[in-house]
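Good morning, and thank you for joining this group meeting. I would ask you to keep the sequence and the structure in view while I speak.

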Amino acid sequence: MYQFKEVKPGTFVLSLDNHVLIADALAAFCSQNNILAGTVNGLGAVNEATFRFLNPQTMKYVDKTFSEQMEITNLTGNISQKDGKPYLHLHITASRSDYSCIGGHLLNARINGACELVVENWPGATIGRRLDEQTGLNLYEF
Ligand code: FE
């Protein structure tokens with residue numbers, strides 16, 4: 001699913017396998033390497049990406065999948081814990097073949113090409129999540 005190297009203490013460089021789902025591979029990496037809190041950034045190429053938009057008026061989520069080849073111009077996010085499992089909060093900007101970009105909150109995306117990530121672990125830190133009724137968001141719980 002991935003290969004990785006710890007380039008300095010707490011900093012990991014990952015190369016995800018082609019055709020895997022980014023969020024699945026990153027969650028597996030965090031579980032397998034006991035990373036409970038930290039940040040992630042990356043780039044790569046995908047041919048399917050599902051975004052999520054929360055309408056604050058209706059408090060309803062709208063998910064939309066784009067099935068086309070896109071470059072990840074930026075993937076940024078953080079890693080925490082919810083219900084004993086890795087909780088990834090990921091945002092992405094991706095460029096289409098005409099070089100226009102789409103972006104937003106990323107649920108998942110399928111690699112078609114490569115995906116290179118840098119994970120910063122915060123050793124010893126545990127950060128949870130709790131559902132905030134007012135916003136409908138899973139906010140950090142310190
Ligand atoms: Fe978000």
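**The pocket and the iron site**

Let me begin with the largest pocket, whose volume is about 530 Å³. A total of 24 residues line the largest pocket, and the closest to its centre are Arg-52, Tyr-61, His-89, His-105 and Leu-107. Please bear in mind throughout that this is a predicted model.

Which strands supply at least two residues each to the lining of the largest pocket? They are strand 3 (38-55), strand 4 (60-66), strand 6 (85-95), strand 7 (101-121) and strand 9 (137-141). Strand 7 gives the largest share of that lining, namely six residues. Sorted by class, the lining consists of 15 nonpolar residues, six polar residues and three charged residues.

I turn next to the metal. The iron ion is coordinated by three histidines, through NE2 of His-89, NE2 of His-91 and ND1 of His-105, at 2.1 to 2.2 Å. Along the sequence, the spacing of these donor residues reads H-x1-H-x13-H. Since His-91 belongs to strand 6 and His-105 to strand 7, the pair ties together parts that are 14 residues apart in sequence.

How accessible are these two residues? His-91 counts as partly exposed, because its relative accessibility is 36%. His-105, with a relative accessible area of 24%, is partly exposed.

From His-105 to Leu-90 the C-alpha to C-alpha distance is 6.0 Å, although the two are 15 residues apart in sequence. The side chain of His-105 also forms a polar contact of 3.4 Å with the side chain of His-89. If residues up to four places away in sequence are not counted, His-105 touches Thr-50, Phe-51, Arg-52, His-89, Leu-90 and His-91.

**The helix and what covers it**

Now to helix 1, which spans residues 22-32. Which of its residues are buried? They are Ile-22, Ala-23, Ala-25, Leu-26, Ala-28, Phe-29 and Cys-30. The cover over these buried residues includes strand 1 (2-8), strand 2, strand 3, strand 5 (70-82), strand 6 and strand 7. Just after helix 1, Asn-34 has a positive phi of about 55°.

**Two further residues**

Thr-11 lies in strand 2, which covers residues 11-16. Is Thr-11 buried or exposed? Its relative accessible area is 6%, so Thr-11 is buried. A polar contact of 3.1 Å links the side chain of Thr-11 to the side chain of Glu-120. Setting aside neighbours within four places in sequence, the contacts of Thr-11 are Lys-5, Glu-6, Val-118, Val-119 and Glu-120.

The side chains of Asp-132 and Thr-135 are joined by a polar contact of 2.7 Å. With neighbours within four places in sequence left aside, Asp-132 is in contact with Leu-137 and Leu-139.

To return to where we began, His-89 and His-105 are among the residues closest to the centre of the largest pocket, and both coordinate the iron ion. Thank you for your attention.

Conventions. Residues are numbered from 1 along each chain as its sequence is written. This is a predicted model: local features need pLDDT of at least 70, side-chain atom pairs count only at pLDDT 80 or more; totals for chains, interfaces and linings use all residues. Side-chain values use heavy atoms; hydrogens and water are left out. On a 1 Å grid over the protein atoms alone, a cavity is a set of points where a 1.4 Å probe fits but cannot get out, and a pocket is an open set with protein on both sides within 12 Å along at least five of seven lines; lining residues have an atom within 4 Å of a point. Grid points are joined across faces, edges and corners, and a volume is the space filled by probe spheres set on the points. Helices (H or I, at least four residues) and strands (E, at least two) are DSSP runs, numbered from the N terminus. Ala, Val, Leu, Ile, Met, Phe, Trp, Tyr, Cys and Pro count as nonpolar, Asp, Glu, Lys and Arg as charged, and the others, Gly among them, as polar. Donors are N, O and S atoms within 2.8 Å of the metal (3.2 Å for Na, K and Ca); water is not among the atoms, so sites may look incomplete. Buried means under 20% relative accessible area, exposed over 50%, partly exposed in between (1.4 Å probe, protein chains only). A polar contact is a pair of N or O atoms within 3.5 Å; within protein, one must be able to donate a hydrogen and the other to accept it, and residues adjacent in sequence count only if both atoms are side-chain atoms. Contact means heavy atoms within 4.5 Å.
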